[in-house]
Amino acid sequence: MVAADTLDLTADVVTLTRELCDIPSVSGDETRLADAVEAALRAHPHLEVLRDGDAVVARTRLGRARRVVVAGHLDTVPVTGNLPTRLEDDVLHGRGTVDMKAGVAVQLSLAAALDAPVHDVTWVFYDHEEVDASLNGLGRVARNHPDWLTADFAVLCEPTAGGIEGGCNGTLRAEVRLQGVAAHSARAWTGVNAVHAAGEVLRRLAAYAPATVEVEGLTFREGLNAVLISGGRATNVIPDECVVTVNYRFAPSRTVEEASAHVREVLAGYDVVVVDAAPGARPGLDDPLAQDFAAAVLAVTGGRPAAKQGWTDVARFSSLGVPAVNFGPGDPLLAHTQDEHCPVGQVVASRAALGAWLTGARPEDLPLGLS
């Protein structure tokens, strides 16, 4: 029999990050890590531990006036020879160090250490974030156990280089379907080339000027781009069909319906079919909890709130009526890269900021080894 993996939640947060990363957990294969996380959390009696599939939830029940959720995903994109981790010049290298096991290490370390936070805390560790949205573990928990996610505010430990990124853009994927008439390429005049018809679609997209939209004091950049194109049946046949796939990233001030209407307006005259869409999330920084958290982060990392330009699971919390922000160690531009790496200082500082907020302490007053 193979011995079960163990995690030492009392270890320093950098060691814990390495332990987490060195247990591979590519999307769809998170059970091994979820088992280790569950076992480690159950060793701490101040936590109630729950599980749904490979999502693990641990929460305090102290009767505090307010409850916050701190969430992070356990899965990574595929490992490409970048495990086990290595530590060089105070930088931790390896798959998951940015997206997002350093953030998960911060969560686990604080979940174990803080038995009397100033707010009740629900710690969420979920699966299947890096794959199709229908498989997302946080979405599954929201469907199966919505009460597990009841809260006044949420922090998603996505990499933000130790700053706060409020809200997120929405995303929409549409297909522009172009029809032609097939013919032998030696007698092209007898057909209509659907691929050539895509030229005007591409010209409109190339000429499109994306908006920059301010929402609750944060600046979101939109984008409308062709991301895929397909057409043609053989090298001697005039294509009778072509599909241009378009991705629209839209500010959280727009609804999905408004975003869909905008894409159809830009591509008026064409057959536009929306095939996938997810709303964005407003920043949610007007809540006193968020303002206190932003102050704690600013004091420790110097990071001022900015807009999250991509889509993240903060939108899932927003749909539940829970304001949420992104916060965690690691440069998001390094997520999924071959040389994924995270400075040790960001991991330590992120833990200090989150711990100070949850305890009401000054970061420098946290016990030795906990910051």
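Modeller: For the angles here, axes are lines fitted to C-alpha atoms, for helices over the stretch in contact, and angles run from 0 to 180 degrees between N-to-C directions. Keep in mind that this is a predicted model. With that in hand, take helix α1 (residues 13–21) and helix α3 (residues 101–113): their axes come within 8 Å and cross at roughly 125°. Angles over 145 degrees would count as roughly antiparallel and 65 to 115 as roughly perpendicular, so α1 is oblique to α3. The crossing of the two is right-handed. On the α1 side, the contact is made by V13, L16, T17, L20 and C21; α3 brings K101, A102, V104, A105, V106, L108 and S109. Sorted by class, that contact has nine nonpolar, two polar and one charged residues.

Now the sheet. Four strands form an open sheet in the order β13-β15-β9-β16, with antiparallel pairing. β13 (223–231) and β16 (271–278) each have a single partner strand, so one side of each is left without a neighbour in the sheet. On average, neighbouring strands are turned by 20° against each other, direction ignored. Between β9 (residues 170–179) and β15 (residues 241–250) there are ten bridges, and Q179 has E241 in β15 as its bridge partner. Helix α5 (residues 194–207) packs on this sheet and touches β9, β13 and β15, with its direction at about 15° to that of β15. Helix α6 (residues 256–266) packs on the sheet too, touching β9, β13, β15 and β16, and its direction makes about 150° with that of β16.

How values were computed. Residues are numbered from 1 along each chain as its sequence is written. This is a predicted model: local features need pLDDT of at least 70, side-chain atom pairs count only at pLDDT 80 or more; totals for chains, interfaces and linings use all residues. Side-chain values use heavy atoms; hydrogens and water are left out. Two strands pair if DSSP finds at least two bridges between them. Contact means heavy atoms within 4.5 Å. Angles under 35 degrees count as roughly parallel, over 145 as roughly antiparallel, 65 to 115 as roughly perpendicular and the rest as oblique. A crossing is left-handed if the near helix is turned anticlockwise from the far one by less than a right angle, and right-handed if clockwise. Ala, Val, Leu, Ile, Met, Phe, Trp, Tyr, Cys and Pro count as nonpolar, Asp, Glu, Lys and Arg as charged, and the others, Gly among them, as polar.
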